Amino acid sequence: MSPLRIVIELLFLYALYRLFIADRRRPTVRERPAQQRPPAYHDELVEDPVCHAYVPKRQAVVLQQGEVSHYFCSEHCREAFRAHQGEKA
Ligand SMILES: [Zn+2]
């Protein structure tokens, strides 16, 4: 048996070993979507369109315009948003 042949066989065995390890890991990868469940309601973050801060939805200051809700970090941002809309109109 030539040294080259031994190296090739070792590489082949290594490839088989890697395939075997990959097969055993696959179920773990499939479980991942279950861990990425939608966040709980209290974790839902909304972006303030004025200062672009992310605020928990329940703590946000809401401005309801028809069917659209805008969420703000503070009343200051809500008033700034209203004033900006007033300028455009
Ligand atoms: Zn803000």
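Trainee: Which residues are linked with Arg78 in a network of salt bridges?

Mentor: This model is predicted. Arg78 and Glu75 form a salt bridge, with their closest N and O atoms 3.8 Å apart. Both residues lie in helix α2, residues 75-88, three residues apart, about one turn of the helix. The network that contains Arg78 links it with Glu75, Glu79 and Arg82.

Trainee: Does Arg78 count as buried or exposed, and at what relative accessibility?

Mentor: A residue is buried when its relative accessible area is under 20%. Arg78 falls under that cut-off, so it counts as buried, and its relative accessibility is 16%.

Trainee: Where do Glu9 and Arg5 lie, and about how many helical turns separate them?

Mentor: The side chains of Glu9 and Arg5 meet in a salt bridge, at 3.3 Å from N to O. Glu9 is partly exposed, with a relative accessible area of 33%, and Arg5 is likewise partly exposed, at 46%. The two residues are in helix α1; because they are four residues apart there, the separation is about one helical turn.

Trainee: How many residues apart in sequence are the parts that Glu44 and Lys57 tie together?

Mentor: Glu44 forms a salt bridge with Lys57, and the closest N and O atoms are 3.3 Å apart. Glu44 belongs to the loop between α1 and β1, while Lys57 belongs to the loop between β2 and β3 (61-65), so the pair ties together parts whose separation in sequence is 13 residues.

Trainee: What are the relative accessibilities of Glu44 and Lys57?

Mentor: Partly exposed residues lie between the buried limit of 20% and the exposed limit of 50%. Both partners fall in that range: Glu44 is partly exposed at 30%, and Lys57 is partly exposed at 23%.

Trainee: How many salt bridges does the count come to?

Mentor: Side chains of opposite charge can pair when their charged atoms come close. The pairs discussed include Glu9 with Arg5 and Glu44 with Lys57. For the structure, the count of salt bridges comes to five.

Trainee: Which arrangement do the four donor atoms make around the zinc ion?

Mentor: The protein donors are Asp48 (OD), Cys51 (SG), Cys73 (SG) and Cys77 (SG), lying 2.1 to 2.2 Å from the zinc ion. Along the chain they follow the spacing D-x2-C-x21-C-x3-C. Ideal angles at a metal are 109.5 degrees for four tetrahedral donors. Here the donor atoms subtend angles of 98 to 123 degrees, and therefore the arrangement is tetrahedral.

Trainee: Is Cys77 buried or exposed, and what is its relative accessible area?

Mentor: Cys73, another donor of the zinc ion, counts as partly exposed at 34% relative accessibility. Cys77, by contrast, is buried, with a relative accessible area of 6%.

Trainee: Where is His52 found?

Mentor: The phi angle of His52 is near 60 degrees, which is a positive value in a residue other than glycine. His52 is placed in the loop between β1 (45-47) and β2 (54-56).

Trainee: What accessible area do the residues of the nonpolar patch on the surface have together?

Mentor: Phe12, one of the patch residues, is in helix α1, residues 3-35. Its relative accessibility is 55%, so Phe12 counts as exposed. With Ile6, Leu10, Leu13, Leu16 and Leu19, Phe12 forms the patch, and together they have an accessible area of about 620 Å².

Methods:
Residues numbered from 1 in each chain as written. Predicted model: local features only at pLDDT ≥ 70, side-chain atom pairs only at ≥ 80, totals over all residues. Heavy atoms only, no water. Donors = N, O, S within 2.8 Å, 3.2 Å for Na, K, Ca; no water. Tetrahedral: all angles 85-135°; square planar, octahedral: opposite > 155°, others 65-115°. Buried < 20%, exposed > 50% of the residue type's maximum accessible area, 1.4 Å probe, protein only. Patch = residues over 30% accessible without salt bridge, like charges linked within 9 Å, V, L, I, M, F, W, Y side chains within 5 Å. Areas by Shrake-Rupley, 256 points an atom, 1.4 Å probe, with all protein chains shown as cover. Salt bridge = Lys/Arg side-chain N within 4 Å of Asp/Glu carboxyl O.
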